[in-house]
Amino acid sequence: MRIGYYPGCSLQGSGKEYSESLFAVAEKCGIVLEEINDWNCCGASAAHSLNHDLSVALPARTLALAEKQGLEQILVPCAACFGRLATAQQELVSSEPMRAKMSDYLEMPVKGTARILTVFEFLQEHIFPVADQYIVNKLNHKTACYYGCLLSRPKDLTRLEFPEDPMEMDAVMEMAGATPIDWAFKTECCGAGLSVSRTDIVAKLSAKIVEDAVSRGAESIVVACPMCQMNLDLRRKEINKQMDKGSDIPVMFITQALGLSMGLSADKLGLNRHFVSTGKVVSCVGRKEV
Amino acid sequence: MENTELHTGDKSLKQLVEKSVGVEIQTCYQCGKCTAGCPLNEEMDLMPNQILRMLQAEYPGYENEILTSTSIWLCLACDTCYSRCPQEVKLPHIMDFLRQESVRQKLVNPKAKNILRFHRAFLDEVERNGKLNELGLTIDYKLRSMDLFQDLQNAPSMLLKGKLGLIPHRVQNPDEIKKLFKKING
C-alpha cells in the first residue's frame with residue numbers, strides 16, 4: 001500500500017536531519033514515501049492557542065489534499081504535526097457539522113478518514129519486518145530514549161500501550177545494538193513551543209531531562225520530535241547553565257541512530273547538523289559491547 | 001471543542017467553557033493530579049486544579065482572575081494533566097479556550113505578552129506563505145518583542161548547518177491560504 005508523507009515545516013528547516021535520515025533508512029529498506037502535494041503548515045501551538053477553527057482548518061486542508069491524491073495512510077514524523085493532524089481528524093470524523101464547515105472554508109470536500117501513522121508505527125510496520133537484513137553495525141553504547149509529550153499522549157491519539165513508560169523507541173535502539181536505559185524523564189516536557197518566547201523555562205525543563213539521562217549513565221539521548229531535538233541540542237548552552245556540571249551528551253533522531261546501524265554515512269544522516277557534536281556516538285559503532 | 005461561535009450575552013465564563021469545550025466542570029473532584037504532574041506548576045500564578053475550582057465556585061471576580069493569569073499562557077498543552085485525570089477533564093482544551101477569551105476581552109497579562117506575540121508572528125508567517133519559515137518568524141518576532149539580541153548568536157551557525165533557509169517555502173498559491181484566514185477571521 002502507498003505511504004503518504006507529511007514533512008511539516010520543521011523537517012524542512014531546523015529538523016532537516018530528521019527527514020534526511022528517515023528517507024535514507026526508507027530508501028535502504030526499499031520503501032517509497034509519497035509527499036502530499038502542496039501541503040501546508042499544521043498551525044502548531046499558535047493556531048490552537050488563538051483560534052480553534054483555524055487549528056482544525058489548517059490540518060484539514062492537508063488531509064483533503066491527501067484524499068485527493070488517493071492516499072489512505074500518511075506518515076507524520078513530527079510529534080507536534082502528528083498531534084495537530086490527529087486532533088483535527090478526530091473532530092472531522094466525529095462531527096458532520098464540523099466536516100461541512102471545513103469543506104465550506106476550504107472549498108473542497110474533506111472526510112479525514114486516512115490513517116495517520118506515527119513514526120513508531122511506520123518503523124514497526126514497515127522497517128522492523130525487513131530491518132534484520134540491513135543492520136550491519138552495533139551501536140554499542142547506553143542510550144536514553146526520550147519520547148516527550150505528543151508521541152506519548154493523549155493515549156487515544158498516540159495508541160501507545162504504556163503512555164507513562166513507552167518502549168517503542170527502546171525496541172528500535174535494542175535492534176540497533178545499543179543498550180536503552182531505564183530512566184525517569186522519558187515522557188516529561190522539554191518546554192516545546194516556548195523555546196523562543198520563554199527560553200528560560202525551556203532551559204529549566206530540558207536541564208532536568210539531560211541531567212537525569214546523564215546521571216544514569218546514558219551516552220546519547222534519542223528522540224523522535226524536532227522540537228525536543230532542537231530544545232535539547234540548540235539550547236544546550238542555556239541548559240548547561242542550569243546544571244551543576246554541564247553535559248555534551250548528543251541528541252539524535254531515532255532514524256539517525258537506525259541509519260548508523262544500517263551502515264549509512266554520518267553525512268547522509270545529517271549527523272553533522274547538530275550543535276552538540278554527535279562524534280562520540282558515531283565512534284561507538286563497532287566499539288566493544290557495554 | 002464543539003462550538004467556537006461566541007455568544008457571550010449573559011453567560012458566565014464557566015458556562016462558556018462548558019459549551020465550547022464540551023466538558024462538565026463539576027465532574028472534577030479536586031484530586032490535584034493535574035497540578036502535581038504539570039511541568040510548569042512552579043511558574044504558574046494559578047494552579048491547574050485551582051482554575052477548575054474557581055470555575056466551579058464562580059465567586060465574584062473569578063472570571064477576571066482567570067483571564068488575567070499567566071497560567072493560561074504558560075500551559076504547554078503537553079497533555080499530562082488530561083492523561084492522568086480520573087475524570088478525563090480536557091484541561092488543555094479549556095486552557096485554549098481561556099487564552100482565546102483572554103485575548104477577546106483584552107485581559108492578557110503583561111507578563112504573557114511575548115508568548116502572545118510569538119503566536120501571532122507564527123500565524124502571520126503561515127498566513128503569508130502557507131508554511132512556516134523559521135527565519136521569517138524569528139525576525140518578525142524580534143521586531144514585535146524588541147528583544148533583538150537573544151537568539152541572534154544562533155542564526156549564523158544555523159545557516160551554516162543548513163537549518164535556516166533564506167528562500168521561504170511556500171504553498172503553490174499563497175492567496176488560497178490568505179483567503180482561508182480571511183474567511184475564518186471574518
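Two strands count as paired when DSSP finds at least two bridges between them. Keep that in mind as we walk through this structure, which is a predicted model. With that rule, chain A shows an open sheet of four strands, running in the order S6-S5-S7-S8 with parallel pairing. At the edges sit strand S6 (179-180) and strand S8 (251-253) of chain A, each of which pairs on one side only.

Let's look inside that sheet. Strand S5 (residues 142-145) of chain A lines up with strand S7 (residues 220-223) of chain A in the parallel sense, and three bridges join the two. To see one residue pair for yourself, find A:Ala144: its bridge partner in S7(A) is A:Ile221. There's a helix to spot here too. Helix H12 (residues 254-261) of chain A packs on the sheet and touches S7 and S8 of chain A. The direction of H12 makes about 80° with that of S8(A).

Now zoom out to chain A as a whole. You'll find 13 helices and eight strands in chain A. Its radius of gyration is 19 Å, close to the 19 Å that the globule rule gives for 290 residues, so chain A is as compact as a globular protein of that length. Taken along the principal axes, the box filled by its C-alpha atoms is roughly 60 × 45 × 30 Å. Of the 290 residues in chain A, 61% count as buried. And if you take the contacts in chain A with a separation of 6 or more, 79% of them come from residues 24 or more positions apart.

Chain A also has a partner to meet. The contact between the chains takes 42 residues from chain A and 44 residues from chain B. On the chain B side, several helices supply at least two residues each, namely H6 (80-84), H7 (91-104), H8 (113-129), H9 (134-145) and H11 (174-185). H8(B) gives the most, with seven residues. Sorted by type, the residues on this side of chain B come to 21 nonpolar, 13 polar and ten charged.

One last stop is A:Ser45, which you'll find in helix H2 (residues 44-50) of chain A. Is this serine, A:Ser45, buried or exposed? A residue needs 20 or more other C-beta atoms within 10 Å to be buried, and A:Ser45 has 23, so it is buried. Leaving aside residues up to four places away in sequence, A:Ser45 touches A:Gly193 and B:Ala77. As for A:Arg153, it is 108 residues from A:Ser45 in sequence and 15 Å away in space, C-alpha to C-alpha.

How values were computed:
Residues are numbered from 1 along each chain as its sequence is written. Chains are lettered from A and ligands numbered from 1 in the order in which they are written. This is a predicted model: local features need pLDDT of at least 70, side-chain atom pairs count only at pLDDT 80 or more; totals for chains, interfaces and linings use all residues. The radius of gyration is taken over C-alpha atoms; the globule rule is 2.2 Å times the number of residues to the power 0.38. A residue is buried if 20 or more other C-beta atoms lie within 10 Å of its own, exposed if 12 or fewer, and partly exposed in between; C-beta atoms are placed from the backbone. Two residues are in contact if their C-beta atoms, placed from the backbone, lie within 7 Å. Ala, Val, Leu, Ile, Met, Phe, Trp, Tyr, Cys and Pro count as nonpolar, Asp, Glu, Lys and Arg as charged, and the others, Gly among them, as polar. Axes are lines fitted to C-alpha atoms, for helices over the stretch in contact, and angles run from 0 to 180 degrees between N-to-C directions.
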